[in-house]
Amino acid sequence: MSYLGEYLNMPPTIDKLHTLKKEIEKEGYSLSDLSLYLEFDFSPYETTLYDVITFASTGVDGIHFGFLTDFGRVSDLENAFVVCISPMDFDTHIKIVARNIREYLSLVCTMKDALSISNFNIFEEEEQYIQYLQEQNQVKPEDKEFEEEAKYVVEKILDAFGSESIEDVYHYVEIKVREQRAQQTIFPTLDGLGIIPVDNVTSSHILYKLEKDMTIDLAEMKAFFYSATTESKLAFIRDVQFTYLITNGIALKELVIQEMIKLGLQDEVDRLYVF
């Protein structure tokens with residue numbers, strides 16, 4: 001089973017980045033100089049959203065980046081939001097960090113380190129960003145060589161894609177990205193991503209409230225699935241994974257899988273079965 005599912009291929013920007021990777025490696029450099037590792041056959045973690053297609057990792061603590069497909073409703077991965085998933089940051093392990101893959105690369109170039117972006121998962125305030133960026137800009141003498149290598153790779157990426165560094169990282173991540181996502185979604189989820197409209201935006205959506213360590217009444221859940229809108233069901237699927245409840249019992253997992261199949265989410269089911 002291909003984790004790309006119905007998308008078949010990675011978007012052009014990833015292909016171009018892969019070509020650039022080979023070119024700079026001939027010169028003795030690497031995307032790893034920016035803690036960026038392209039992943040074309042990624043083994044997901046239980047925190048990897050079922051509707052996320054991973055394209056890169058940092059090589060540390062399972063931190064990875066992927067395209068948010070909104071349960072297969074994004075028509076072009078080139079324009080999909082990019083999420084950062086940091087399995088070790090419990091309860092703050094998922095965050096949208098870029099509006100698309102091109103802006104994600106600009107963010108990596110701005111930080112000169114993909115790993116540092118994972119810290120944004122636990123940031124919200126401007127002061128946190130300012131302090132962190134100041135710390136990142138303080139290069140120790142022993143790190144000078146690594147800094148120069150990273151700077152060279154950054155220049156190669158910016159030149160290849162005709163992009164620029166992001167002037168205000170806080171404003172981009174916390175305002176620009178959030179506002180655009182908020183304009184798209186009509187239903188909240190515990191991971192902060194929300195659900196985009198699927199069938200009828202005027203429908204009455206019901207929120208099935210989930211909390212970590214709670215016990216789900218399976219009969220009640222069946223009744224919910226029977227009457228809820230598609231958007232409400234998708235929110236439940238997100239939340240039951242975010243709270244780790246999906247791993248608490250075979251019966252619960254099988255009922256969720258059955259409902260996902262009814263919704264036509266075979267690609268997402270295939271990814272769920274990996275866990």
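Q: At what angle do helix 1 and helix 2 pack, and how far apart are their axes?
A: Axes are lines fitted to C-alpha atoms, for helices over the stretch in contact, and angles run from 0 to 180 degrees between N-to-C directions. In this predicted model, local features need pLDDT of at least 70 and side-chain atom pairs 80 or more, while totals for chains, interfaces and linings use all residues. Residues are numbered from 1 along each chain as its sequence is written, and side-chain values use heavy atoms, leaving out hydrogens and water. Helix 1 (residues 12-26) and helix 2 (residues 101-111) pack at about 40°, with axes 9 Å apart; helices here are DSSP runs of H or I, at least four residues, and strands are runs of E, at least two, numbered from the N terminus.

Q: Which residues make the contact of helix 1 and helix 2?
A: Contact means heavy atoms within 4.5 Å. Helix 1 brings Thr13, Ile14 and Leu17, and helix 2 brings Ile101, Arg102 and Leu105.

Q: How is a pair of aromatic rings described?
A: By the distance of the centres and the angle of the planes. Rings of Phe, Tyr and Trp (its six-membered ring) pair if their centres lie within 6.5 Å; planes under 30 degrees apart are stacked, over 60 edge-to-face, and the rest tilted. The structure holds 14 such pairs. Tyr29 and Tyr152 are stacked, at 4.2 Å centre to centre and 25° between the planes. Phe123 and Tyr132 are edge-to-face, at 5.6 Å and 75°.

Q: Is Phe123 buried or exposed?
A: Buried means under 20% relative accessible area, exposed over 50%, and partly exposed in between (1.4 Å probe, protein chains only). Phe123 has 10%, so Phe123 is buried.
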